[in-house]
Amino acid sequence: MIPELIKHSSRVVICTHVNPDGDAIGSSLTLKHYLERKGKQATVIVPNTFPDFLKWLPGADSILIYTKQQEQVKAVVDAADLVIVCDLNQPNRLAGLEETIMASSAPRILIDHHLDPNTNFCQEIVSHPEMCAAAEVICHMLNGWEELDSISFEEATCLYLAMMCDTGAFSFNSNRPIIYEYISRLLAHGIDKDEIYRNVFWTASEGRLRLQGYLLYVNMKVLHEYHSAIITLTNEERRRFKVKNGDTEGIVNIPLQMLGTRLSIFINEDTEHPGIMKLSLRSVGDFPCDQMASRFFSGGGHKNASGGRLQCTMEEAIQHVKAAIDAYADMLKA
Ligand code: 5GP
Ligand code: MN
């Protein structure tokens with residue numbers, strides 16, 4: 001029982017997936033504030049850095065980053081008597097952090113909303129793939145414990161941000177009425193949802209806006225017949241445009257604004273591992289991005305949003321992506 005595990009814990013580690021996004025950080029920080037309110041020590045650990053537009057969140061400055069603070073992370077995990085794993089379905093999504101977490105003898109709880117969770121690496125599993133965000137899973141749990149109406153302003157802020165980020169500000173994967181019931185209860189805690197929106201979506205640097213123009217004007221390839229688009233970004237271009245952490249967030253969604261587009265793929269050279277191409281896939285409607293990502297790009301995710309990777313040059317990656325698109329011609333061309 002999760003409430004029992006929490007009750008008997010005193011030092012809790014909360015960890016989430018590599019390249020943490022708004023849901024990963026928002027959900028993890030919600031849990032931290034919740035646990036601290038219950039008198040626990042709680043530390044959020046992430047495998048690598050997270051975008052600047054999440055740094056204003058309450059508690060964000062206390063997050064430990066494994067790639068930068070390995071010794072500190074190991075010490076905190078070592079001392080933990082409970083581990084909560086949030087917003088991921090496979091231990092390898094912890095990237096380098098996986099070994100440290102799995103070496104701990106503390107019980108592990110998984111809180112997630114991805115498809116096909118690996119059920120072997122946590123003792124307690126709360127998995128709801130139908131939910132829009134790990135934060136919705138947390139709302140659902142708090143509601144079940146009759147605690148959703150007594151959370152703090154900080155918890156409400158983090159929960160709202162997380163659901164907003166994982167649904168593109170409630171523009172996809174967000175038709176279930178209960179989401180808005182939760183939001184209405186979060187608003188009752190006094191959160192300013194308009195300010196949260198601006199803090200996340202209206203913080204572009206000049207570089208980001210110019211990069212966006214360049215990527216759409218020069219780099220976007222539209223495969224009209226396939227109702228698909230591909231956008232690429234190399235590390236050389238990153239340097240040229242002084243691209244900062246987080247500047248590429250959301251680029252993959254832009255081609256979906258073109259009438260009739262069903263699939264958008266962003267091929268993004270990894271800043272930390274040059275030569276690795278990270279892929280982001282987004283679709284509208286029935287197109288299964290997760291299936292394509294697992295079949296062609298060693299990845300996975302959700303039906304309308306998935307990711308993966310390729311180890312090759314950008315030119316080779318483009319060819320590979322085109323072949324993957326062609327393999328789904330029957331769904332994309334018709
Ligand atoms: P993004 O494009 O934002 O990096 O990823 C979108 C979604 O795809 C993530 O929320 C995550 O669920 C999934 N995803 C991204 N990369 C991978 C990967 O390498 N493996 C798996 N299994 N899922 C991924
Ligand atoms: Mn999520």
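A polar contact is a pair of N or O atoms within 3.5 Å; within protein, one atom must be able to donate a hydrogen and the other to accept it, and residues adjacent in sequence count only if both atoms are side-chain atoms.

## About the model

This is a predicted model, in which local features need pLDDT of at least 70 and side-chain atom pairs count only at pLDDT 80 or more, while totals for chains, interfaces and linings use all residues. Residues are numbered from 1 along each chain as its sequence is written, chains are lettered from A and ligands numbered from 1 in the order in which they are written, and side-chain values use heavy atoms, with hydrogens and water left out.

## Around ligand 1

Let's start with the ligand. Ser280 has a polar side-chain atom 2.6 Å from an oxygen atom of ligand 1. The side chain of His114 places an N or O atom 2.8 Å from a ligand oxygen, and for Gly307 a backbone N or O atom lies 3.2 Å from one. Taken alone, ligand 1 exposes 500 Å², of which the protein buries 76% (areas by the Shrake-Rupley method with a 1.4 Å probe).

Which elements give two or more residues to the shell around ligand 1? They are β10, β11 and β12, and β12 gives the most, with four residues. Strands here are DSSP runs of E with at least two residues, and helices are runs of H or I with at least four, numbered from the N terminus.

## The mixed sheet

Six strands make an open sheet in the order β7-β8-β9-β10-β12-β11, with mixed pairing; two strands pair if DSSP finds at least two bridges between them. β7 (221-223) and β11 (300-301) are at the edges with a single partner strand each, so one side of each has no neighbour in the sheet. β11 pairs with β12 (residues 305-311) in the antiparallel sense over two bridges, and Gly301 stands opposite Ser306 in β12.

Helix α9 (residues 206-219) packs on this sheet, touching β7, β8 (228-233) and β9 (263-269). Contact means heavy atoms within 4.5 Å. Helix α12 (residues 314-327) also packs on the sheet, touching β7, β8, β9, β10 (276-283) and β12.

## The parallel sheet

Another open sheet has six strands in the order β3-β2-β1-β4-β5-β6, with parallel pairing. Its edges are β3 (64-65) and β6 (124-127); each has a single partner strand, so one side of each is left without a neighbour in the sheet. Inside the order, β4 (residues 82-86) and β5 (residues 108-112) pair in the parallel sense over four bridges. Here Val83 has Arg108 in β5 as its bridge partner.

How values were computed. Axes fitted to C-alpha atoms, helices over the stretch in contact; angles between N-to-C directions.
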